[in-house]
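Please look at the sequence and the structure shown here before reading on. The explanation below is written for a reader who meets them for the first time.

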Amino acid sequence: MKLFHSVTLIAFGSISLLANEMATIQDVVHNGQTSTKLLMDTLGKNMQMHMKHGGPMEALDFCSQEAYNLTENVNTKLPKGVSIRRISLQTRNPVNAPTEDEAKVLQHLIELQKENKPLPKKVVEKIDNNTYKFYKPLVITKPVCLKCHGDVQDKKLKSEILNRYPEDKAMHYKMGDLRGAVVTTVKK
Ligand code: HEC
């Protein structure tokens, strides 16, 4: 596995990255950042609207029924060869489980956190000469996330979550925990 993040990118830039590989990575970063923003803005806006309108129960309905469709919809708007999804080592929805290489990247980020090292804002992984993945680490920074991913207090909400996701692993997070990542795959 070949990983680049903010720190290593600079080091590689001055040592061993060929100019054309550097350009490819910059292109991957650009695609990754634009796609991530589009997905997070879309999900975030809708989530906020439902929280305001009907509270966590309505927002839960929205997440479980629409998060997937909205993600697919964002995918149709991305350039050719670019696709996006959310992943986590502790999933609520099993469709968001990482592939083997993605799990390694998440594990790497968790190790960094354990060593009290700052998380990179982005990670680029080279899969092969034509395929790269851009990772945006997702850290729990907003208290609203804990309503459904923390120690869920609301009994009705909790049973509704477990009802929909009997294998839920996505509770008991705390502020600052790594929740997962948004992965953009870029194929040349
Ligand atoms: C109203 C309840 C609710 C709130 C609030 C909420 N989530 Fe979720 N979250 C869900 C549900 C339901 C799913 C599973 C459906 C889906 O989105 O794919 C999910 C899935 C996810 C996933 C995909 C991985 C997985 O476990 O399936 C991530 C990442 C995530 N949430 C992060 C967040 C973050 C970050 C916040 C705060 C900004 C947040 N969530 C707030 C209910 C919630």
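Predicted model: local features only at pLDDT ≥ 70, side-chain atom pairs only at ≥ 80, totals over all residues.

Residues are numbered from 1 along each chain as its sequence is written, and side-chain values use heavy atoms, with hydrogens and water left out.

Rolling a probe the size of a water molecule over the atoms shows where empty space is left. Here a pocket is an open set of points on a 1 Å grid over the protein atoms alone, where a 1.4 Å probe fits and protein lies on both sides within 12 Å along at least five of seven lines; its lining residues have an atom within 4 Å of a point. A volume is the space filled by probe spheres set on the points, which are joined across faces, edges and corners.

The largest pocket has a volume of about 1,400 Å³. It is lined by 46 residues, and Met-40, Leu-43, Met-47, Arg-86 and Leu-138 are the closest to its centre. Helices (H or I, at least four residues) and strands (E, at least two) are DSSP runs, numbered from the N terminus. At least two lining residues come from each of α2 (19-77), β2 (82-87), β4 (131-139), α4 (143-149) and β5 (178-187), and α2 gives the most, with 20 residues. By class, this lining holds 23 nonpolar, 13 polar and ten charged residues; Ala, Val, Leu, Ile, Met, Phe, Trp, Tyr, Cys and Pro count as nonpolar, Asp, Glu, Lys and Arg as charged, and the others, Gly among them, as polar.

The second largest pocket has a volume of about 190 Å³. Of its 14 lining residues, Gln-90, Ile-110, Tyr-173, Asp-177 and Leu-178 lie nearest its centre. Two or more of the lining residues are given by α3 (100-114) and by β5, and the largest share, four residues, comes from α3.

Of the 20 residues around the ligand (a heavy atom within 4 Å), Arg-92, Cys-145, Cys-148, His-149 and Arg-179 come nearest.

Polar contacts are pairs of N or O atoms within 3.5 Å. Oxygen atoms of the ligand lie 2.8 Å from a polar side-chain atom of Arg-86, 2.7 Å from one of Asn-96 and 3.0 Å from a polar backbone atom of Asn-93.

The iron atom of the ligand has a single donor from the protein, His-149 (NE2), 2.1 Å away. His-149 is placed in helix α4. Donors are N, O and S atoms within 2.8 Å of the metal (3.2 Å for Na, K and Ca), and water is not among the atoms, so the site may look incomplete.

Notes
Polar contact = N/O pair within 3.5 Å; in protein donor to acceptor, adjacent residues only side chain to side chain.
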